Amino acid sequence: MARKKQQDISVLHGHRVVTGSELRATFEERSDADDTSQVRRRVLHGVVLVLLIGLIIAAIITALAIINGRLKIPAAGPAEQTVSSCPAAAFDYLPNDKVNLNVYNSTNRPGLARSVADEFLARKFVVGAVANVEAGYRGVAAVVSGAAGQSAAFSVQRNLPGSDYFKDGRTDGSVDVVLAQDYKALVPPDLVDQTPGKLGCPRESRRVADDDKWPVMPSAAPTR
């Protein structure tokens, strides 16, 4: 009589049967993983709590120092006001024949100084030097004088719209006119305003050009 084949108890209907020892091992691994995750969360919470407590303590110490006067917070001071170098005084219009001026051409337009000088001469201005020069000024024209020539410069500006006044250290009453690229024309003689007024400095914020404090001063000897 043939022996019955011994049945494998670890397999049931073609599926492996999990033993009790294997189940315990699986649950123990999961329990260890959960414990590790909890430990990490607790450590993170502890670090955050310590930082918060530190910030609170620092804030309290700072507040006490301010209250006791040991720590002062600098107050915002008033904004610095830009001081204008343009003369504030009003000037009378001088008769044209009392104004001595020099005319300089800083543009690349040949003959400009000569033609403008002739126009001033026709208006009875006293014209001295007429020359081509190099200048850092950019605009219509620069009108330059010393303190003694400011009334004369005012009269010149009334004939030269859009010009910008500059003061230098000369002691006589002469005036320099430095024509620049934006120059178009003089005011027609019959439209010149001869009422009292102030010198014009429309481009004062742009006075420094080519790294020179006074870029309008002629840098070449007068040549006709």
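1. A salt bridge is a side-chain nitrogen of Lys or Arg within 4 Å of a carboxyl oxygen of Asp or Glu. By this criterion, D168, R170 and D176 are linked in a network of salt bridges, and a search of the whole structure finds four salt bridges.

2. The model is predicted: local features need pLDDT of at least 70 and side-chain atom pairs count only at pLDDT 80 or more, while totals for chains, interfaces and linings use all residues. Residues are numbered from 1 along each chain as its sequence is written, and side-chain values use heavy atoms, with hydrogens and water left out.

3. R114 pairs with D118 in a salt bridge whose closest N and O atoms are 3.1 Å apart. The two residues are four apart in helix 2 (residues 112-122), so about one helical turn separates R114 from D118. Helices (H or I, at least four residues) and strands (E, at least two) are DSSP runs, numbered from the N terminus. R114 is partly exposed at 32% relative accessible area, and D118 is partly exposed at 39%.

4. R158 forms a salt bridge with D193, with 3.2 Å between the closest N and O atoms. R158 lies in helix 3 (residues 150-159) and D193 in the loop between strand 8 (175-179) and strand 9 (197-198), so the pair ties together parts that are 35 residues apart in sequence. R158 is buried at 19% relative accessibility, whereas D193 is partly exposed at 35%.

Methods
Buried means under 20% relative accessible area, exposed over 50%, partly exposed in between (1.4 Å probe, protein chains only).
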